[in-house]
Amino acid sequence: MQWEEHISHGSNTFFAYNTEEIPAVPADMKKLSFLYTPASGLIFSKILHQLGYEPNCQIHFYDHSLVALKVIERIMSDWDGRDYPAFLRSMKDMETFKNFGRAEEQWKEFVSGFGGEEAWVDFFMKLKNNSDFHLHHCNLFDGELIYQPWAPSQREQPGASLFWMSNIFHYRYTAGYRSVGERMGEQKNLINGLKKREPDLYIYLCSALRKRDHKLNYEICKVRDYDIDKVQSPNFWGG
């Protein structure tokens, strides 16, 4: 594990469970050699379970929240994969956790996606033994990520690289301190910066509301193929 801290102050929240959908994967997408993901819940493991991963997969956790990064460090270093709610309750920062109100019920729902808790534990322990993880303290809104040495870049590798952008640009709480124009501009700048660094990078993001149910629309595609004009900030803010 490598820890890189680029700024000295951050928020103090960790999202224990994730509500984002994992969309359909392009048919020609290879297993992952690199995953870039916010330090948020266990969605990284769902992504790697669904897409598959190459031996020695590099998992880069980035986040503005130091608490989130420290929790992920504990998960990857100390947790045996069993009874996630109890493990989180053992942490001193537990009072800052979000999406934890239905902890036991959500845990059962989560492990059912792997075929039950024993199958999940088997997957998780193999993942920890066959990957390296890295922690990066950064903020997608400051525009600095694409200049960091750990950011996606062209390299020789057996598998694909995926950058999970989260829903931060369309999140209802973000709307409280960032205007629509700011959020649209920052997301466009990030996508354009990633295109220049690694055109074959896959991005996993949300960009607009689905008209049929007013939920955020998620997709996975190569960054070079992404239509930048699709980036729009919806009037309804999803969590």
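**Strands, rings and loops in a predicted chain**

Ser166 is found in the loop between strand β7 and helix α6 (180-197). Helices (H or I, at least four residues) and strands (E, at least two) are DSSP runs, numbered from the N terminus. The phi angle of Ser166 is positive, near 65 degrees, although this residue is not a glycine. With a relative accessibility of 13%, Ser166 counts as buried; buried means under 20% relative accessible area, exposed over 50%, and partly exposed in between, with a 1.4 Å probe and protein chains only.

The model is predicted: local features need a pLDDT of at least 70, side-chain atom pairs count only at pLDDT 80 or more, and totals for chains, interfaces and linings use all residues. Residues are numbered from 1 along each chain as its sequence is written, and side-chain values use heavy atoms, with hydrogens and water left out.

The chain as a whole has 6 helices and 9 strands. Of its 239 residues, 53% are buried. Among contacts (heavy atoms within 4.5 Å) between residues at least 6 apart in sequence, 74% join residues at least 24 apart.

Between β3 and β4 comes helix α1 (residues 43-51), and the three elements make a right-handed β-α-β unit. A crossover is right-handed if, with the strands pointing away from the viewer, the path from the first strand over the helix to the second runs clockwise. The buried residues of α1 are Ile43, Phe44, Ser45, Ile47, Leu48 and Leu51. After the helix comes Gly52, whose phi is positive, near 85 degrees.

The next topic is aromatic rings. Rings of Phe, Tyr and Trp (its six-membered ring) pair if their centres lie within 6.5 Å; planes under 30 degrees apart count as stacked, over 60 as edge-to-face and the rest as tilted. By this rule the count comes to 28 aromatic pairs. In one of them, the ring centres of Phe61 and Phe133 are 6.5 Å apart and the planes stand at 70 degrees, so the pair is edge-to-face. Phe61 belongs to strand β4 and Phe133 to strand β6 (residues 131-137), so this pair ties together parts that are 72 residues apart in sequence. Both Phe61 and Phe133 are buried. The rings of Phe110 and Phe114 have centres 5.1 Å apart and planes at 45 degrees, so that pair is tilted. Phe110 is buried, with a relative accessible area of 11%, and Phe114 also counts as buried, at 11%.

Ring pairs also build a cluster, linking Tyr17, Tyr53, Trp79, Tyr84, Phe87, Trp107, Phe110, Phe114, Trp120, Phe123 and Phe124. A ring can also lie under a charge, which is counted if NZ of Lys or CZ of Arg is within 6 Å of the ring centre and within 35 degrees of the ring normal. Arg155 lies over the face of Phe34, at 3.9 Å from the ring centre.

Asn99 sits in the loop between β5 (97-98) and α4 (103-112). Its phi is positive, about 55 degrees, although Asn99 is not a glycine. Asn99 is partly exposed, with a relative accessible area of 34%. Lys196 is in helix α6 and counts as exposed at 72% relative accessibility. Lys196 and Ser153 are 43 residues apart in sequence, with 8.7 Å between their C-alpha atoms.

The last topic is confidence. pLDDT is the predictor's confidence in each residue, from 0 to 100. The chain averages a pLDDT of 86, and 86% of the residues score at least 70. Over residues 2-10 the pLDDT is below 50, and this stretch has 24 contacts in the model beyond near neighbours in sequence. Residues 233-239 also have a pLDDT below 50, with 27 contacts counted beyond near neighbours in sequence. Where pLDDT is low, the predicted coordinates should not be read in detail.
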